[in-house]
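Hi,

Here is the structure I said I would pass on. Have a look at it first, and then read my notes below.

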Amino acid sequence: MKRNRRFAVLAGLLTMLFVGCGQAGGMEAVESETISVEKDGRITYYLVGDLDRDYYSLSELSAMAADETAQFNKSAGTDKAAVVDRVETLPENESRALIVYQFDGYTSFNDFVKKFNKGEGNLFYGTVEEALKSGHRCTGLKNTADGTLITEEQLKQEGNKKLIITDEKVIVYCPGKVSCLSDGAVLREDGSVDASTAEGTVYILLK
């Protein structure tokens with residue numbers, strides 16, 4: 001069986017079962033790929049897809065995920081860069097499989113998803129000052145309270161506040177409340193951000 005075909009089937013039909021963290025409260029069901037960013041920078045990546053037993057079994061899927069993380073950690077020189085937290089079927093639907101990946105930071109996440117064709121590989125989490133020094137423009141941010149546009153000079157005054165930047169078409173669970181958000185992204189009732197339909201890069205400024 002081809003690994004790429006197995007993953008294509010998995011990635012093609014995404015339905016997320018997410019246990020709330022950060023601003024999320026309790027169990028949340030979303031219909032897209034989901035990333036959770038922790039305060040210390042760790043990234044958890046949740047992926048659910050149909051488990052078509054004509055193409056692969058749960059054990060094969062688990063072995064594939066383990067092999068990918070082993071390859072990645074070997075090249076990274078550490079066994080903590082990427083970890084498979086669990087691979088299992090959903091409790092209420094055994095025809096759906098859940099893979100939960102954990103990464104020691106956004107750099108490992110980016111490198112992993114690009115290496116194994118799982119995403120765009122463009123995620124950043126750090127201070128506004130760090131983002132600007134890294135070359136991010138951080139334009140188009142609007143205050144979530146009144147919709148006013150945040151100028152570049154105003155943003156510079158928020159140098160120590162945390163910023164999430166992503167090109168991934170995902171639901172993002174943040175390690176704090178959102179104060180400003182770029183066009184196209186949607187702040188949801190549970191405090192997470194829906195970036196799945198946004199065009200271009202999404203910027204999320206935390207309070």
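**Helices on the sheet**

Helix α3 lies across β3, β4, β5 and β6, and runs at about 130° to β6. Before I go on, please keep in mind that this is a predicted model.

Which residues of α3 are buried? In the helix, which spans residues 106–115, they are S108, F109, N110, F112 and V113. These buried residues pack against quite a list of elements: β3 (34–37), β4 (43–50), α2 (58–76), β5 (82–90), β6 (93–103) and β7 (123–127). Just after α3 comes N117, with a positive phi of about 55°.

The other helix to look at here is α2, which lies across β5 and β6 and runs at about 170° to β5. N73 counts as buried because its relative accessible area is 11%, and the cut-off for buried is under 20%. Its side chain reaches the backbone oxygen of D79 at 3.5 Å. If you leave aside the neighbours within four places in sequence, N73 is in contact with T78, D79, K80, A81 and A82.

**The strands**

What is the strand order in the open sheet of 7 strands? It goes β5-β6-β4-β3-β10-β13-β12, with mixed pairing. β5 and β12 (186–187) are the edge strands, each pairing on one side only. At the β12 end, 2 bridges join β12 to β13 (residues 193–194), and the two run antiparallel. L187 has V193 as its bridge partner in β13.

Then there is β9 (residues 162–166), which is mostly covered, with 4 of its 5 residues buried. β9 pairs with β7 in the antiparallel sense over 5 bridges, and T127 finds its bridge partner in K162 of β9. β9 also pairs with β14 (residues 202–206), again in the antiparallel sense, over 4 bridges. There, the partner of I165 is Y203 in β14.

**Salt bridges**

How many salt bridges does the structure hold? There are 8. Here are some of them, in case you want to check charges:

- D40 and R42 meet through their side chains at 2.8 Å, N to O. D40 counts as exposed because its relative accessibility is 53%, and the cut-off is over 50%. R42, at 46%, counts as partly exposed.
- D85 and R86 meet at 2.6 Å, N to O. Both count as partly exposed, D85 at 36% relative accessibility and R86 at 29%. D85 and R86 are also linked with E88 in a network of salt bridges.
- E153 and K156 form a salt bridge in which the closest N and O atoms are 3.6 Å apart. They are 3 residues apart in helix α5 (residues 152–156), so about one helical turn separates them. An α-helix has 3.6 residues a turn, so residues three or four places apart point the same way. K156 counts as partly exposed, at 42% relative accessibility.

Cheers

How values were computed. Residues are numbered from 1 along each chain as its sequence is written. This is a predicted model: local features need pLDDT of at least 70, side-chain atom pairs count only at pLDDT 80 or more; totals for chains, interfaces and linings use all residues. Side-chain values use heavy atoms; hydrogens and water are left out. Buried means under 20% relative accessible area, exposed over 50%, partly exposed in between (1.4 Å probe, protein chains only). Contact means heavy atoms within 4.5 Å. A salt bridge is a side-chain nitrogen of Lys or Arg within 4 Å of a carboxyl oxygen of Asp or Glu. A polar contact is a pair of N or O atoms within 3.5 Å; within protein, one must be able to donate a hydrogen and the other to accept it, and residues adjacent in sequence count only if both atoms are side-chain atoms. Two strands pair if DSSP finds at least two bridges between them. Axes are lines fitted to C-alpha atoms, for helices over the stretch in contact, and angles run from 0 to 180 degrees between N-to-C directions.
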